Amino acid sequence: MCQAREDYGRRGPGRRAPPPSCPRTCVKCKEASAVVVIRVGDAFCRACFREYFVHKFRAMLGKNRVIFPGEKVLLALSGGPASSAMLRQVQEGLSRETAKRLRFVPGLVYVDEGAVCGQSPAQREENLARVEAIVQATGFPFHLAHLEQAFDLPGSILRRGPRGGDKPCPSYKEAVEDFIQQQRQEAADGDGAASLPRRLAQLRTQDVPAGEEPAAPGARLPAAARTEELLQLFEAAETLTAKEELLQMLRTHLILHTARTQGYTKVMMGDSCTRVAVKLLTNLALGRGAFLAMDTGFMDSRHGDVAVVRPMREYMAKEIAFYNHFFGVSTVITPALRAKRREKTSIHRLMEDFLLGLQAEFPSTISTVYRTGEKLSTAPAEASSEPGAEPQRCLLCLCALDTLAEEDLALEPTLIAEEAAQRPQGLAEDGCCHAGTQGSCCQSSPTPGAESRAAFLPLLCYSCRLTFKEMGHPDTLPPYVRSEAQRRSRRAEMKQQIQEFLLEDDDEDPSES
Amino acid sequence: MAAPVSLQVEFGGGAELLFDGVKKHQVTLPCQPEPWDIRNLLKWIKQNLLKERPELFMQGDSVRPGILVLINDADWELMGELDYKLQDQDNVLFISTLHGG
């Protein structure tokens, strides 16, 4: 017993003295007894906590003014606590009286990642059924995507969409006024017209599940061969860090694809404050420092036509967990990517452990990291890209390439090291194809493999190069990545060939985008 | 001498995965000389309920940072954390907010 108290220099002394166990009252209403401590020592009662939570969501959207009335917004639901709480906030916002109602049109997307998280088909089915039950209760249009479908994505997903080119973007205020006027007009026109949008909305809800999903259970999951292909892709990634990045990339692309094909112009992601803080440090460690603002900011417009917003980024994971528990928000937990026992964990998890460990002893750690990240702005990067020339973008993450200046710095040595590392591996592979026919017996003969790897590198940003090195052979990559890479390489080649015939004006630009 | 204490122990947010996926556990803590507090309960859980990888649930004599503890539906920070003295029929809930496992 005494041992437990003695050997902890780690937690004991640094930790705040636990408050006395007498019941504390809520700091806000000063009446009800408190049930949750948030921020640094503020104790809230249930009712005040709820009010605070709901208000924060509306305040976030109100402050940023990027979601226009009537706009179609796709909520990316993972089944986890943050995105489930986000869904509840949107439902709350839509059920308010007219003056305070959220005015956008929500839809939901769920990406089924069960295959790579080690779930059996039965478990995946069960998870899907639970997600569907949650989704159906909302009545919002629902789009289901399996991670396996990444193999069917078009190469265009890796290109920036035209940013609302056809219609001039009105100011937020004008848009709201227009919308309200339109609504009044409809009300004046009588019932038939007024209920039209609602009827349309209903149509959409019925449309989606019937059109896409056969009702029969068992037929919902992608073909086993596809799953196998996906598993190979993840299997080939050497480190858990690369696997995590890969998963994140495929997920983002699937969500983006859903948004584009279904006509959504905004995507809401449920990153919490805790998650944003972890992501900030993780991405810094991954060499994504140049893109921190885009990767973690409130709005991310790298895809051009579809913007990602993160309205949950001021909620601590703790607040979300308490909210979900108190107000019955159901979640569906999918196990995270599993490393093999022996493997080291990923940078993502190390950072999470590190930050949460600090947070336990210094309760403002996470918010400090978050606030620091908050000061980063995407504006400079975007401003420099604005005048005429569209910058070259990374094939995988679509951020403007940051590798031009870095050629002589950290990058070059890593590339050389990479080449050296590849050679012996190539020899080993050679050994396996003793069947004779000059390497064609193996699915990947070493030399072309090395070539295609090298062909990818100029298309990638610094961080994606590092990740790419830890991923498997480029042949395991989904076709859309390969085809887009080929397209870009060809273009670059062609451009080089005709370079001397070009006038030095930036005339070639429109064709680029 | 403390009498045996009956508790409902629950796990959520993914923490249940370390306990065979079982969310609710009805437990009865045996008699022991000192009164049961959360510190002792955690030790008991580690020995009796935890199925795998204790380092994902415990750190030192407390829960791993990122795992929330609710005692009778209230934040344990309001109840004295590890020193809270368990009463018969208390409900203790552990919610994981952690991403990776």
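Modeller: Two strands are said to pair if DSSP finds at least two bridges between them; helices (H or I, at least four residues) and strands (E, at least two) are DSSP runs, numbered from the N terminus. This is a predicted model, in which local features need pLDDT of at least 70, side-chain atom pairs count only at pLDDT 80 or more, and totals for chains, interfaces and linings use all residues. Residues are numbered from 1 along each chain as its sequence is written, chains are lettered from A and ligands numbered from 1 in the order in which they are written, and side-chain values use heavy atoms, with hydrogens and water left out.

Colleague: What makes strand 7 and strand 8 of chain A a pair?

Modeller: Two bridges join strand 7 to strand 8 (residues 307–309) of chain A in the antiparallel sense, and the definition asks for at least two. Within strand 8 of chain A, Val308(A) is the bridge partner of Asp300(A).

Colleague: Why are strand 5 and strand 7 of chain A said to stand at the edges?

Modeller: Six strands of chain A form an open, mixed sheet in the order 5-4-3-6-8-7. Strand 5 (142–146) and strand 7 (299–300) of chain A each have a single partner strand, so one side of each lacks a neighbour in the sheet.

Colleague: Why is Cys464(A) called buried?

Modeller: Buried means under 20% relative accessible area, exposed over 50%, and partly exposed in between (1.4 Å probe, protein chains only). Cys464(A) has 8% relative accessibility and therefore counts as buried; Cys117(A), at 9%, is buried too.

Colleague: What makes strand 1 of chain B largely enclosed?

Modeller: Six of the eight residues of strand 1 (residues 5–12) of chain B are buried, so the rest of the structure largely encloses this strand. Strand 1 of chain B pairs over six bridges, in the antiparallel sense, with strand 2 (residues 24–29) of chain B. Six bridges also join strand 1 of chain B to strand 7 (residues 90–96) of chain B, and these run parallel.
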